[in-house]
Protein chains: 2
Amino acid sequence: MSLGPDEARTVYRGRLIDVTVERWGTREREIVEHPGAVAIVAVDLDGFVTLVRQLREPARRRLVELPAGTAEPGEEPLETARRELREECGLTGGAWRELAAFWTTPGFCRERMHLFAAEGVERGDPDPAEDEALELVRWPLDDVGPHLDEVEDAKTLAGLLLYLHTRA
Amino acid sequence: MSLGPDEARTVYRGRLIDVTVERWGTREREIVEHPGAVAIVAVDLDGFVTLVRQLREPARRRLVELPAGTAEPGEEPLETARRELREECGLTGGAWRELAAFWTTPGFCRERMHLFAAEGVERGDPDPAEDEALELVRWPLDDVGPHLDEVEDAKTLAGLLLYLHTRA
């Protein structure tokens, strides 16, 4: 069954996000519109997963996260993921599969995220966008447990744990 | 080190969320302001975890998720969590601990979520808010793996897997 609102109006237009108010029957819902995103559990031949640490202004601190990025118009999720992993981390190649697709915050935001695993990636030089000051972090996957306490990001917890779960 | 923007201005005021534009040095960031939230992995004495299935307008479909809710002003996260679990699921009591705290989408939104485990909860009658049409779902925790394919929500994947990981 296809579900949709009776009415929708845009109440804010921003650079990355818009805000829509939708009427569903007698209820109004305020929804953050987002183009969608990807995140990658990238494991190299040494069994290390690569993460990125960067300033996240909404959190007002530096967070360690899976490599991730926002979909460009017309781009397939797998293309976005390969591009982001190459630009942010300098990682290429590898065997890719989709681990999951999920909403990040389905109560108020339309961001859908595709989560990929890339196994056997090769290390090279990153080519980050100019406004990205990224520090690369490598954790051994077989001993990632103690590092989970450092993770304060939902997709990174979900991604690392789902990867370990599907591998087990 | 305390980090903060050089300037901030509110560009949208909504019902649940606002949008702020912050200037950090030469960079501008568009940030969705959110009061914060909680989610609960609630396990009863029979070893079942309770989830809720409901229409999520941003996803335009019904999703199965951990019980969750938004912080009320002045409320501590644990209070919010106990209240939401009682109202949504009719579950009370149990031994509580915080599993993690994380940002749901730290790239563009200030929503911080506290994730709790509540073990040994007792079943009673829910008292949902009027606009909530919730279906309760119970999964056996020892056999939750096959159900993970049904989950399309980041906090639910992170919460179930983190609970299993910390229990293991």
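Across all its chains, this structure holds 48 salt bridges, where a salt bridge means a side-chain nitrogen of Lys or Arg within 4 Å of a carboxyl oxygen of Asp or Glu. It's a predicted model, so local features need pLDDT of at least 70 and side-chain atom pairs count only at pLDDT 80 or more, while totals for chains, interfaces and linings use all residues. Residues are numbered from 1 along each chain as its sequence is written, chains are lettered from A and ligands numbered from 1 in the order written, and side-chain values use heavy atoms, leaving out hydrogens and water.

**Bridges in chain A**

- Arg9(A) and Glu28(A) pair up through their side chains, 3.4 Å from N to O.
- That pair links strand 1 (residues 7-13) with strand 3 (residues 27-33), 19 residues apart; strands are DSSP runs of E, at least two residues, and helices are runs of H or I, at least four, numbered from the N terminus.
- Arg138(A) and Asp46(A) also form a salt bridge, at 3.8 Å from N to O.
- Arg138(A) sits in strand 11 (residues 135-140) and Asp46(A) in the loop between strand 4 (37-44) and strand 5 (48-56), so this pair ties together parts 92 residues apart in sequence.

- Arg9(A) is partly exposed at 45% relative accessibility (buried is under 20% relative accessible area, exposed over 50%, partly exposed in between, with a 1.4 Å probe and protein chains only).
- Asp46(A), at 55%, counts as exposed.
- Over in chain B, Asp153(B) and Lys155(B) bridge at 2.9 Å between their closest N and O atoms.
- Asp153(B) is buried at 0%, and Lys155(B) is buried at 7%.
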